[in-house]
Every structure is written in structure tokens, then in C-alpha cells.
Amino acid sequence: MKAAFMMAAPTSGSGKTTIARGLMALYTRKGYRVQPFKCGPDYIDTKFHEAVCGRPSVNLDTFMATKTHVGELFAHYGEEADVCIVEGMMGLFDGYDRDLGSSAEIAQTLDIPVVLIVDAKSAAYSMAPLISGFVNFRKNLHFAGVIFNKVGSPRHFQMLQQVCDDLGVACLGYLPKDAALEQGSRYLGLDFSEKTENKRLIELLEAHVDWQALLQSCIPTVGTCPPNGGNELLPRWEESVLIARNAESFSFLYQETIDRYENVRFFDPETEVPDFSGIDLLLLPGGYPEKHLEALVKAEATRKAIKDYAERGGRIVAECGGMMYLCREIITDNGTYPMCGVLPYSITARQADRKLSLGYRRFELDGREYRGHEFHYTQFLAGQPESVTQVYNAKGEPVATPVFKYQNVLASYTHLYRSEEVKGEK
């Protein structure tokens with residue numbers, strides 16, 4: 001790779017997603033091969049990264065995997081790229097325990113500089129103590145500079161430049177306030193239907209951000225990544241896997257997972273009956289099945305084939321939306337919709353029952369530690385069913401998330417991270 005940097009911010013809502021995606025699109029338009037990455041267990045921003053870069057985005061997470069593995073992923077996927085852009089999560093130092101697992105920790109792990117995205121609306125020189133605090137909080141964290149967001153006028157930007165000059169921090173430019181750039185609302189993330197490449201955004205960034213200076217200031221050091229790139233860093237799993245995939249109902253899957261299996265086939269549960277011949281594992285990832293219930297109910301032959309496969313002892317891993325699909329039914333404000341019936345539970349997606357459940361998760365089962373995360377609003381209708389193991393959050397506190405084992409089925413609301421380098425694996 002020729003350049004690498006992280007886009008981070010003091011807080012969520014500062015504009016890092018908008019500016020990161022815009023710069024990815026800008027560099028791609030300029031002819032650079034841009035490899036996108038995302039800190040943390042985010043399945044949605046990665047989809048927009050892929051849309052503008054033309055190559056899959058890869059998640060980097062130091063709770064679910066070791067730092068060594070995170071570095072190997074970065075080296076492997078960034079090996080042939082001209083520019084590696086890592087989008088941070090939440091605030092720069094926000095982690096699962098203080099700054100552990102934060103974007104800052106990942107930037108330190110990869111030895112790449114940080115571009116700080118600062119929302120400057122309604123402030124000028126008051127930005128000085130804020131930026132000074134972030135830049136000087138961790139001495140082993142390198143900053144490439146600052147990009148200001150929601151700048152009201154050229155005069156406003158001049159005052160912000162004075163801040164950077166006084167602090168000795170590079171001012172890389174700004175994004176003006178523009179109503180057309182406001183993001184739409186999320187349903188656990190950005191609306192999938194939202195236009196992924198905003199021409200206006202790209203034009204503004206090209207005009208007001210010194211994107212060439214940014215590249216020049218972010219040339220990786222020798223120690224940025226493990227010295228040996230290439231496929232040997234991602235040894236293949238010899239299993240053959242069949243993966244349910246749909247643009248929305250079954251879509252939450254890490255790119256690394258797809259790439260690691262020796263043989264991968266896909267099917268769409270809304271329109272296709274799965275062929276289980278030669279398959280070692282059926283993977284039902286998360287997504288939004290509750291938004292596609294009529295299509296899933298109509299595909300009765302698919303649901304029956306999956307239930308029969310489970311009853312024959314077929315191996316299944318089902319995560320969040322995939323677990324919901326294996327249950328007896330999903331109930332919404334519009335009615336009750338039968339699902340596969342492998343698990344004897346009812347899931348409610350009614351508005352009155354919505355409750356946010358989120359956070360990192362870990363549990364032990366059959367001598368192995370699993371790590372992942374949970375993020376959903378649907379719930380079990382009659383309270384939490386009994387779990388085959390106790391699930392814990394990142395701080396080691398017990399949580400009520402159940403894990404199910406039936407025949408050779410492993411199912412839970414937890415989105416699992418698969419790797420030989422998952423923390424805790426023997």
C-alpha cells in the first residue's frame with residue numbers, strides 16, 4: 001500500500017462516516033485502488049464502503065480478535081491497494097473498557113496516523129482545547145491532521161485554521177455546511193436504499209480538502225503491517241459452506257468469513273430452495289428478516305428443506321436474524337408469520353415490544369470460547385428461553401442472551417466472529 005490512515009472523531013455524529021465515504025469515493029474516482037476498513041462489528045457502513053470503492057470492506061476489532069490477527073488482516077487486504085482508509089467507530093477513545101478496543105487502539109496496533117474529523121458548527125477558537133486534548137492525550141498516537149465539518153463560511157474556516165496553526169496541527173481542510181449532505185435516518189444503521197455516492201459530497205471534498213497532502217503525510221512506515229503479506233496470512237478452512245444471502249434479510253456477514261472457507265455457495269432464502277449436497281455447514285447470518293416476512297413465508301419449500309436438514313443432523317450456525325428465521329414464528333403488528341420451526345420460540349417485532357439489546361458478547365461452549373456482538377430490537381415473545389451456556393459482556397458481566405443447541409444447530413442473537421485467532425481459543 002502507498003498510503004494508510006484512519007478517519008476518527010471526538011464523538012459519534014461528527015461526520016466521520018460522511019467524510020470517510022466521500023474520500024473513499026474521491027480517491028477511487030481519481031484512479032486509486034482504495035481498500036476500505038471499518039473499526040468494530042459494523043455490517044452497514046462496510047456495505048457503503050464497498051459500493052464506492054468497488055471492493056469489500058473489512059472489519060477490524062481488537063475485542064473479537066487478537067491484535068496480531070487485526071494486523072494480519074490489514075496487511076492481507078491492503079497489500080495491493082494504493083490507499084487504505086480505516087473508518088473509526090464512536091469517539092476516537094471509546095472502547096468496551098475505557099479505550100480498550102477503541103479506534104485509537106486499532107490505529108496504534110496498525111501504526112497508522114489518525115485524521116480527526118471535528119464538528120465545528122457554532123464554534124471557532126473553542127476548538128483549540130478540544131483538539132489539543134485529543135492530540136496530546138496519548139503520546140504514541142500519531143495525527144495526520146484535522147478536517148473540520150459543518151463549516152459555516154470561508155471566514156469561519158480561517159478562524160479554525162488559526163486553531164491548527166497555534167497547536168502545530170495540520171489543517172487538511174473542511175466540509176461546508178450543506179443541507180443536501182444530511183444523512184437519512186437509520187434502521188440499525190444507514191438506510192440500504194440511500195444513494196451511496198453523493199456527487200455533491202465528492203465535489204465539496206475535492207474543492208475544500210487537501211486530499212493530495214493527506215496522501216503524502218500518510219505513507220506507511222516499515223512497521224505498519226506484518227512483513228509478509230499474501231494469502232498465507234488467511235489459511236483456508238477446508239469445510240464447504242452454504243450461506244444464506246439476501247441484500248437485506250440475510251446480509252450481516254464479515255468479508256473474512258466468506259474468504260476463509262475453501263468452498264462457498266450462496267442461496268437466497270426468499271427465492272431459492274437450498275441444495276445441501278456436499279455441504280458441511282449451513283450458515284444463516286443476521287439481517288432484517290422481519291422486513292421480508294411475506295417473501296420468506298411464501299418460500300415454504302425453502303423453510304421445509306432447512307427444517308428437514310436440521311432434523312437429519314445437518315450442521316447449522318444461525319445468528320440473530322438467522323436465529324429468528326429458525327424459530328417457530330415472527331409476530332409483527334400486521335400478523336403472525338410462520339418460519340422454519342427448528343426452534344420452538346416466537347419472536348416479536350411489534351413496535352410495542354421493541355427493546356434495544358446491544359454490546360459485545362462472549363461465551364464458552366464445548367471447550368471453546370466464542371466472541372461476537374449483539375444489536376437488535378426484536379425480542380422473544382414470552383421472555384428469555386433457557387440457554388445452554390452463560391453469556392457475558394465485554395467486562396465479564398453476565399447477560400441474558402440465550403444460546404441454543406439443538407441437534408447440530410448452534411443459534412443465538414449473537415453475531416459470531418470466526419477465526420483461529422479469536423481471543424480465548426485454544
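**Exercise 1. Is Tyr-27 buried or exposed, and which partner ring does Tyr-27 pair with?**

Step 1. Tyr-27 has a relative accessible area of 0%, so Tyr-27 is buried (buried is under 20%, exposed over 50%, partly exposed in between, with a 1.4 Å probe and protein chains only).

Step 2. The partner ring is Tyr-32. Tyr-32, with a relative accessible area of 30%, is partly exposed.

A word on the model: it is predicted, with local features needing pLDDT of at least 70 and side-chain atom pairs pLDDT 80 or more, while totals for chains, interfaces and linings use all residues. Residues are numbered from 1 along each chain as its sequence is written, and side-chain values use heavy atoms, leaving out hydrogens and water.

**Exercise 2. How many aromatic pairs does the structure hold, and which residues form one aromatic cluster?**

Step 1. The structure holds 21 aromatic pairs.

Step 2. One cluster brings together Tyr-43, Phe-252, Tyr-254, Tyr-288 and Tyr-417.

**Exercise 3. Which ring does Arg-21 lie over, and which ring does the charged end of Arg-371 sit over?**

Step 1. Arg-21 lies over the face of Phe-48, 5.1 Å from the ring centre (the test needs NZ of Lys or CZ of Arg within 6 Å of the ring centre and within 35 degrees of the ring normal).

Step 2. For Arg-371, the ring is that of Phe-63, with 4.6 Å to its centre.

Methods
Phe/Tyr/Trp six-rings, centres within 6.5 Å; stacked < 30°, edge-to-face > 60°.
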